[in-house]
There are 2 protein chains.
Amino acid sequence: MEGPLEFLRNIKSVAIATVDNNRPEVRIVDVMLHEDDKLYFLIARGKPYYKQLKANPEISIVAMDDNYVTVRVKGKIEFVDNSFLDKMFDENPVMNHIYPGDTREILEAFCLPKGTGEVFNLSTNTPKRERFAFGGETVSEPGYRITDKCIACGICKDSCPTGAINEGDVYSIESSLCLECGNCYEKCPNDAIEGPFEF
Amino acid sequence: MEGPLEFLRNIKSVAIATVDNNRPEVRIVDVMLHEDDKLYFLIARGKPYYKQLKANPEISIVAMDDNYVTVRVKGKIEFVDNSFLDKMFDENPVMNHIYPGDTREILEAFCLPKGTGEVFNLSTNTPKRERFAFGGETVSEPGYRITDKCIACGICKDSCPTGAINEGDVYSIESSLCLECGNCYEKCPNDAIEGPFEF
């Protein structure tokens, strides 16, 4: 598979969530450019989510392809110089049809320069989950972890829907297979499991 | 086209946004059921967005089909009795594979009983936008409106990328064609345009 940011650019139409007065808002937005490990977007100043981004630059992105591969990424956006506009129109010719002539004056450009994310691949027989980071952010630990408090009773292993738990003196979770459902966490008789931790 | 809620059930994998401590979070979730004008979902108690929904039940949903028809809807979810679980597994047999046997005990059911939304159809030659509501909510007015302060100068009409503005003693916006970009709003010399208003 291509890298996760290239994946989003190739899917092009992704869902971008913002916050508006403590309420979530989400809409489909096209990824206009993937360059220097950053994602670039266009936005019209008159759209409600322009105001949302000015008030709170945090976004969360998700997209899934036809093979049920999902990429999620989040971070803070930055508005960038409108010199990017022409390039984005060149690389996305349909934009000349949607905003003909001078009407593109209402558009501004922003980018996601860094962030953390997750690839969740349901196209294989067993789900595969992997976290990533870009732009200098750190890859976070998986969602659930078994600590030294484990008494190796095996209850967690029996409760796992995907067989993601391996035996041992201290049991361990194969994070790439973990659905992060929390069954092991709830069933553990010794509070030996920590989580959930978001990426 | 089928109704917008049926559209979401047919697409099945939709993006659901929530708020976590004033930050947006979005992920792909399957619509498990569309019944009595409500949308039903499953959630594992161990997922971070379970906590998010318990703290703030507001969600925003978006999905787009292969023809670039987009449906957005938002409202407050309600957790429902787990008697819905068996029905949802029956209607979505793949769930028996993902959560085999007793592992489904970690799941809970919730529904979106009412909300407001928008259909945005980019599959036609000219974009078509239409708002809707369900469960007793009221359909809101379009995003931008021209008021009586209009002096019929025509500047707004020239600035509109989609030709959505009609002439008249007071000009008017054909909301189904409006991109809600805000160009008319910015260019109007007499502050005669109001907006943007979200659905």
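Tutor: Before we start: a salt bridge is a side-chain nitrogen of Lys or Arg within 4 Å of a carboxyl oxygen of Asp or Glu. Also, keep in mind that this is a predicted model.

Student: Okay. What domains does the assignment give for chain A?

Tutor: There's domain 1, covering 4–134, and domain 2, covering 145–194. Their C-alpha centres lie 35 Å apart.

Student: How many residues of each are in contact?

Tutor: Seven residues of domain 1 of chain A are in contact with six of domain 2 of chain A.

Student: And what area is buried between domain 1 and domain 2 of chain A?

Tutor: About 550 Å², with carbon and sulfur atoms giving 44% of that.

Student: How many salt bridges cross that interface?

Tutor: The rule finds two between domain 1 and domain 2 of chain A. It also finds four residue pairs in polar contact across that interface.

Student: Which elements give two or more residues to the domain 1 side?

Tutor: Those are β9 (115–121) and β10 (128–134) of chain A. β10(A) gives the most, with three residues.

Student: What classes of residue are on that side?

Tutor: On the side of domain 1 of chain A that touches domain 2, you get two nonpolar, one polar and four charged residues.

Student: New topic: where does Asn56(B) lie?

Tutor: Look in the loop between α2 (48–55) and β5 (58–64) of chain B.

Student: Is Asn56(B) buried or exposed?

Tutor: Asn56(B) counts as buried because its relative accessible area is 10%, and the cut-off for buried is under 20%.

Student: What is Asn56(B) in contact with, leaving aside neighbours within four places in sequence?

Tutor: Asn56(B) is in contact with Asn22(A) and Val19(B).

Note on methods. Residues numbered from 1 in each chain as written. Chains lettered and ligands numbered in written order. Predicted model: local features only at pLDDT ≥ 70, side-chain atom pairs only at ≥ 80, totals over all residues. Heavy atoms only, no water. Helix = DSSP H or I, 4+ residues; strand = E, 2+ residues; numbered from the N terminus. Buried < 20%, exposed > 50% of the residue type's maximum accessible area, 1.4 Å probe, protein only. Contact = heavy atoms within 4.5 Å. Domains from an automatic or database assignment. Buried area = accessible area lost by both parts, 1.4 Å probe. Polar contact = N/O pair within 3.5 Å; in protein donor to acceptor, adjacent residues only side chain to side chain. Nonpolar A, V, L, I, M, F, W, Y, C, P; charged D, E, K, R; others polar.
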